[in-house]
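Morning, everyone. Please bring up the model on your screens, and we will walk through it together.

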Amino acid sequence: MWFILILLHLGLQLPLSFSCPSSCVCFPNGDVECTGAITKIPPLKANQTFRLKLNKTEITILNPQSFQALFLLQRLQIIHNPLATIHPEAFHNASQLRSVVLSSNSISVLPPSVFSSLGNLEQLYMDRNQLMSLHADTFKKLVNLRELDISKNQIENLDARIFQDVTNLTHLNLCENLLQKIPQTMFHNLKKLKSLILYSNQLKTIEEGSFDQLHNLITLMLYKNQIREIPPRLFWHMPKLLTLTLSSNQLSYIPSETFYYLPNLTKLTLYKNPLISLPDQLVGHMPRLKELYLYNTYLTSVPWNLFANMTGLRVLNFHYNANLSSLPKDLFCCLPNLQKLSLKNNILHDLHPDQFSDLTNLQILMLNGNKLRSLSAKTFQNLHRLTKLELSNNNLNELPGDIFVHVTALRSVTLGSNHWNCTCSILDIVEWIRENQNAVTDLQDVLCYEPYYLLNKQLVVLTSDSLKCGITTAGMHSSEKTSLSSSTASYSPTASSFTGTRTTANVAANPNTLSPTTILSIHLTSLTPSTTASTTEEEHTHVSKSGVFYDTVVLVNGPNIVHNNRHQRWVYLWTVPATGLYSGFLMAFYVVLIVTGVILIIANAYALHRLHKALWKTGMTLTRNQTIMTKRLRSFNGKL
């Protein structure tokens, strides 16, 4: 007995078997849970039932005064049932109820004033039903109601007077309905409201003054509607607002000064709107704003002072803007606390050297998926706390070797899928990559884009020797040296001609434009034996002495010449790149041939071994048979 009394005193949830219907479980603290094949409210002990939960039953209707006998019942929960009909007097004589949850049923119509006798009701949830409309008196006399949820129904319109009696309401959820319009005065009596949820409706516009009385509102969610325009001063009377979501609407323009007088705002979302431009005076003083989401828009640029009043901003997602090609120099001037900046998947072509100079606390910077062609050595100079940097999927062809020298905290950087030009000028950044391989998280994708013969070669393995940097050109004319040392000269992938005007035909080879079947032709118009000048011994170290040529042809940093021919004063050179897809294919084919040959040799040797063994066994068998036959013949002759 003492043990049972102790358990009851501690309020442990032990089911009682006495005086409890078979389809229910009754607990000593007054909770009753019923489920299964019951079609009406089961008979329960009134003095032992404080909270009743009917889950997944077969109840389809609530009859008049269904809860009159349960005079101590305070919380009622009827969820996941086929409940479709509620009698107008179903809750009569149940004024003690404080919470009614009718979620996930099949209710399509509510009688007017069905809850009017529930003067003490604080919570009412009717979400996930099939309600199409509500009478203006549905919530009449519910003066103590604090939370109301009628979300996830099919309500198209609401009467302007529907909330006039619920003056103590603090939470109102109307999301995922079919609301197309909000009456201007519908929320005017909800002066204590703190949370208003209106997302995923079909709102196209909101009238001026609709939120003027919501002085205590903290959360306002308007995303996933079809709002095309908003009044200039729609949010001016909500100084306590912390969260405002306007994303996934149809806003192409936001009026000037729209976000003034919101000093406590901490989160603002504007993404997935077809915004074309933003006014210069848009945002007021927002020192507590921590998160701003401005992406998937049609913006081509933004005012330089857009973020100037957001000194407390920590996270700025300003990405996936398909038309955003440039940023004002001082755009990030006033964000000393910013820790994450995402500019990925815009179409930025250039960045000012001081673009990020004021972001001294930045830790994550995402610039991947843009059209950046180059970056200044000063770009990341002041980002001493930067730990993650994304630069992949741009058009970068080279970077200054000292661009990361001041970013001492850098632990992760991506450089892959760029247009790296693997010439001698890239060796400085290659050296940094080689010394910081652990930090380059996409090292395998950091590949040469040009010249052609180095296509898809990893930058980390490049050396001055592999790039043929520092080739001497002693004894040549200055113009010829320039031609030889030039790393940017190129010729067409089709036949190109170079006319020799002196005694030397110079070919400044940039093999990135050569394909495996390229034919380079040199037109020798004035190169005849009679005009051939003598060359020094140093020059002969770079001279081809093939009899096909009348004079000197110099090839610098070019692929191997595998054949040449002369026809009507033109010399044709057939070339194959030293590296690349074609040469790789040939090498692979060559290896396959060698392996196939080795396999065939081994197979033939094994076959010969088996044949020799078989012949040896056959010979032994014939010899044995012959010996036996001889012995038998001799024995037979002896008998005769």
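First, the ground rules. This is a predicted model, where local features need pLDDT of at least 70 and side-chain atom pairs count only at pLDDT 80 or more, while totals for chains, interfaces and linings use all residues. Residues are numbered from 1 along each chain as its sequence is written, and side-chain values use heavy atoms, with hydrogens and water left out.

Now the overall picture. The chain has four helices and 27 strands. Both are DSSP runs, numbered from the N terminus: helices are H or I with at least four residues, strands are E with at least two. Of the 640 residues, 41% are buried. Buried means under 20% relative accessible area, exposed means over 50%, and partly exposed is in between, with a 1.4 Å probe and protein chains only. Contact means heavy atoms within 4.5 Å. Take contacts between residues at least 6 apart in sequence: 54% of them join residues at least 24 apart.

Next, strand pairing. Two strands pair if DSSP finds at least two bridges between them. Strand 3, residues 51-55, pairs with strand 5, residues 75-79, in the parallel sense over five bridges. Leu54 sits opposite Ile78 of strand 5. Strand 5 also pairs with strand 7, residues 99-101, again parallel, over three bridges. There, Arg75 has Ser99 as its bridge partner.

On to the core. A nonpolar core is a set of buried Ala, Val, Leu, Ile, Met, Phe, Trp, Tyr and Cys residues joined through side-chain atoms within 4.5 Å. The largest one here has 141 residues. Phe91, Phe163, Phe187, Phe235, Phe259 and Phe380 have the most contacts inside it. Helix 2, residues 427-435, is among the elements that supply at least two residues of this core. Leaving out residues up to four places away in sequence, Phe380 touches several residues, including Phe356, Leu389 and Val407.

Leu289 is in the loop between strand 14 (267-269) and strand 15 (291-293). Is Leu289 buried or exposed? Buried, because its relative accessible area is 0%. Beyond four places in sequence, its contacts include Leu265, Met310 and Arg314.

Now the disulfides. The cut-off is a pair of cysteine sulfur atoms within 2.5 Å. That rule gives four. Counting bonded cysteines along the chain, the pattern is 1-3, 2-4, 5-7, 6-8.

Cys20 joins Cys26, S to S 2.0 Å. The torsion about that S-S bond is about 80 degrees, so the disulfide is right-handed.

Cys422 and Cys448 have sulfur atoms 1.9 Å apart. Their link is left-handed, with -100 degrees about the S-S bond. Cys422 is in the loop between strand 21 (420-421) and helix 2, and Cys448 is in strand 22 (residues 448-450), so the pair ties together parts 26 residues apart in sequence. Cys422 is buried at 3% relative accessibility, and Cys448 is buried at 2%.

Cys424 and Cys469 also form a disulfide. Cys424 is partly exposed at 36%, and Cys469 is partly exposed at 23%.

Last stop. UniProt, in an unreviewed entry, places a "transmembrane region" at residues 585-607. UniProt positions follow the numbering used here, feature names are shortened, and annotations may be inferred rather than shown by experiment. In the model, that span is 100% helix and 0% strand, with its end C-alpha atoms 32 Å apart.
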